[in-house]
Amino acid sequence: YGHLFPRGMLREPIRSLSRATVIALTRANHVTEPRRKEIELQIRHFAPKAIWVEIEQAPTRLLSLDGTRHDLDELNGKPVLAFCGIGNPVAFQKTLTDCNYDVVDMKIYPDHFSYPSSTINDLSRWSDQFPQAVAMICTHKDSVKLRPGEFSRLPIYAVLIEFQITIGLKALETELAKLVVQSAQ
């Protein structure tokens with residue numbers, strides 16, 4: 001993956017990290033501790049003075065299509081159907097497993113999927129095949145493309161995710177405070 005897009009995943013050369021003041025590893029909770037240290041060492045080669053920040057993503061609530069918030073544990077151990085149109089569906093599936101949801105089936109669509117009415121109808125028919133399911137779950141990114149009442153049988157919830165800085169918060173706050181002072185001058 002050390003190559004530029006489209007051959008690899010980089011959007012610019014890795015040596016460009018030398019310009020960075022702060023470098024953040026997102027989804028750090030999806031990477032083992034040894035791998036996080038390995039990544040940090042690689043980064044430090046190009047940006048030895050940059051502030052190192054690690055960010056975890058954690059589910060916090062469920063959001064129904066009508067905007068009502070629910071506790072995550074409301075569906076603990078219950079059979080649910082899941083669907084998503086995101087770039088990393090495996091991470092979404094892991095989030096559902098971590099929430100202790102019994103995902104009986106999952107549909108994966110391409111990233112940025114628009115959910116035309118034909119797909120809404122397909123999802124409704126699909127949900128009818130699983131009478132034991134008590135809800136459908138998607139990402140927040142997917143839920144904003146849906147309307148309440150489009151599905152006949154099951155409620156649909158989006159899993160809300162929040163970011164938590166686990167390493168480097170104080171250094172990041174100090175750097176941001178410097179920028180605020182500079183911009184006020």
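Helices (H or I, at least four residues) and strands (E, at least two) are DSSP runs, numbered from the N terminus. A cis peptide bond with omega of about 15° joins Phe 5 and Pro 6. For context, most peptide bonds are trans, and most residues other than glycine have a negative phi.

A note on the source: this is a predicted model, in which local features need pLDDT of at least 70 and side-chain atom pairs count only at pLDDT 80 or more, while totals for chains, interfaces and linings use all residues. Residues are numbered from 1 along each chain as its sequence is written, and side-chain values use heavy atoms, with hydrogens and water left out.

**Overall layout**

I found 5 helices and 7 strands in the chain. From the N terminus, the order of elements is β-α-β-β-β-α-β-α-β-α-β-α.

**Tyr 115 and the aromatics**

Next I looked up positive phi angles. Asn 100, in the loop between α2 and β5, has a phi of about 70° although it is not a glycine. Tyr 115 also has a positive phi, of about 55°, and belongs to the loop between β5 and α3.

Are these two buried or exposed? I used buried for under 20% relative accessible area, exposed for over 50% and partly exposed for in between (1.4 Å probe, protein chains only). Asn 100 is partly exposed at 46%, and Tyr 115 is buried at 5%.

I then counted 5 aromatic pairs. Rings of Phe, Tyr and Trp (its six-membered ring) pair if their centres lie within 6.5 Å; planes under 30 degrees apart are stacked, over 60 edge-to-face and the rest tilted. Phe 83 and Tyr 115 are edge-to-face, at 5.7 Å centre to centre with 70° between the planes. This pair links distant parts of the chain, with Phe 83 in strand β4 (residues 79-84) and Tyr 115 32 residues apart from it. Phe 83, Tyr 109, Phe 113 and Tyr 115 form one aromatic cluster.

**Met 136**

Met 136 is in strand β6 (residues 135-139) and is buried, with a relative accessible area of 0%. I listed its contacts (heavy atoms within 4.5 Å), not counting residues up to four places away in sequence; among them are Leu 81, Phe 83, Trp 126 and Phe 151. Trp 126 is itself buried, at 3%.

**The second largest pocket**

How much space lies in the second largest pocket? I noted about 510 Å³. On a 1 Å grid over the protein atoms alone, a pocket is an open set of points where a 1.4 Å probe fits, with protein on both sides within 12 Å along at least five of seven lines; lining residues have an atom within 4 Å of a point. Of the 19 lining residues, the closest to the centre are Arg 27, Gln 57, Ile 86, Thr 139 and Ile 161. Elements that each supply at least two lining residues are β2 (51-64), α2 (89-98), α4 (140-143) and β7 (156-167).

Key: Grid points are joined across faces, edges and corners, and a volume is the space filled by probe spheres set on the points.
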